[in-house]
Amino acid sequence: MAHEAFLGKTVHAGEDYGPESIFQAIGDLHADRIGHGTWLFDATKITSPRIKDRQRYVDDLSEFIADKRITIEVCLTSNQQTVPELADDLRRHPFGEMRRRRLSTTFCTDNRLVSHTTVSDEIARAVEAFGLTAREVKDILIYGFKRSFYPGATSRRGTTSARSSTTRTGSSRTPAGRSPYQRWKAGWPSFTATNTPGRWP
Ligand SMILES: [Zn+2]
């Protein structure tokens, strides 16, 4: 439904099941973002007999995700609560490998209540475990916004100019009751007009 209405989609996958579940989220559910993606690199979790070279599958899938600019919402605390090896040492979390493979990653609480965390806590944990610099944190957060589903936030480098806000203002005048996609795009005029940074680093 969401896909047929051209809406953005995030799908949680690779939290319990392996790499194939992540591909399923992208191929079958048209995910733009993946929640978790924790077992993306775990070839031992591949079950299909059709996949002969499991490591190759992992490598190809990672490259595919990078090429399609699919963003992985990394849920550090939540994963620590469900994966015992990570509870002891967060440095084992595949977030490091995701960064090495230049995947688009950002931070997500998964849930604030059950995991008892906040986005700020998630960032602090990542900085501590992976030694991120301020610049790296900034890039990760900005990429998260770029790949968010806020209209206007997806603008490319330097395109959030007067021209695009004019376009947005135009679309915000679209009569309500148009398609969900039109309503979604029209729903955040003040965000686009005043809050979107003029330039992405
Ligand atoms: Zn989840």
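Modeller: Ground rules: contact means heavy atoms within 4.5 Å. This is a predicted model, where local features need pLDDT of at least 70, side-chain atom pairs count only at pLDDT 80 or more, and totals for chains, interfaces and linings use all residues. Residues are numbered from 1 along each chain as its sequence is written, and side-chain values use heavy atoms, with hydrogens and water left out.

Biologist: Okay, how many helices and strands are in the chain?

Modeller: Helices (H or I, at least four residues) and strands (E, at least two) are DSSP runs numbered from the N terminus. Going from that end, the elements read β-α-β-α-β-α-α-α-β-α-α-α-α-α. The tally is 10 helices and four strands.

Biologist: In which order do the strands sit in the open sheet?

Modeller: Two strands pair if DSSP finds at least two bridges between them. As a rule, strands of a sheet pair through backbone hydrogen bonds, either parallel or antiparallel. Here the pairing is parallel, and the four strands of the open sheet come in the order 1-2-3-4.

Biologist: What does the twist average from one strand to the next?

Modeller: Axes are lines fitted to C-alpha atoms (for helices, over the stretch in contact), and angles run from 0 to 180 degrees between N-to-C directions. From one strand to the next, the twist averages 30°.

Biologist: What is the bridge partner of Glu73 in strand 4?

Modeller: Strand 3 (residues 71–74) pairs with strand 4 in the parallel sense, over four bridges. Within strand 4, Glu73 has as its bridge partner Thr106.

Biologist: On the other pairing, which residue in strand 3 is the bridge partner of Arg33?

Modeller: Strand 2 and strand 3 are also parallel, pairing over three bridges. There, the strand 3 residue bridged to Arg33 is Thr71.

Biologist: Which residues of strand 3 are buried, side by side?

Modeller: Buried means under 20% relative accessible area, exposed over 50%, and partly exposed in between (1.4 Å probe, protein chains only). Both faces of strand 3 are covered. The buried residues are Thr71 and Glu73 on one side, and on the other Ile72 and Val74.

Biologist: Now the metal: which residues coordinate the zinc ion?

Modeller: Donors are N, O and S atoms within 2.8 Å of the metal (3.2 Å for Na, K and Ca), and water is not among the atoms, so sites may look incomplete. Along the chain, the spacing of the zinc donors is H-x23-H-x73-D. At 2.3 to 2.4 Å, the zinc ion is coordinated by ND1 of His12, NE2 of His36 and OD of Asp110.

Biologist: How many residues apart are His12 and Asp110?

Modeller: His12 is in strand 1, while Asp110 is in the loop between strand 4 and helix 6 (119–130). The pair links distant parts of the chain, and the separation is 98 residues.

Biologist: What is the relative accessible area of Asp110?

Modeller: His12 counts as partly exposed, because its relative accessibility is 38%. Asp110 is partly exposed too, at 24%.

Biologist: What do the buried residues of helix 1 pack against?

Modeller: Those buried residues are Pro19, Glu20, Ser21, Ile22, Ala25 and Ile26. They pack against strand 1, strand 2 (33–36) and helix 2.

Biologist: Last one: is Phe6 buried or exposed?

Modeller: Phe6 lies in the segment before strand 1. Its phi is near 65°, a positive value in a residue other than glycine. Its relative accessibility is 60%, so Phe6 counts as exposed.
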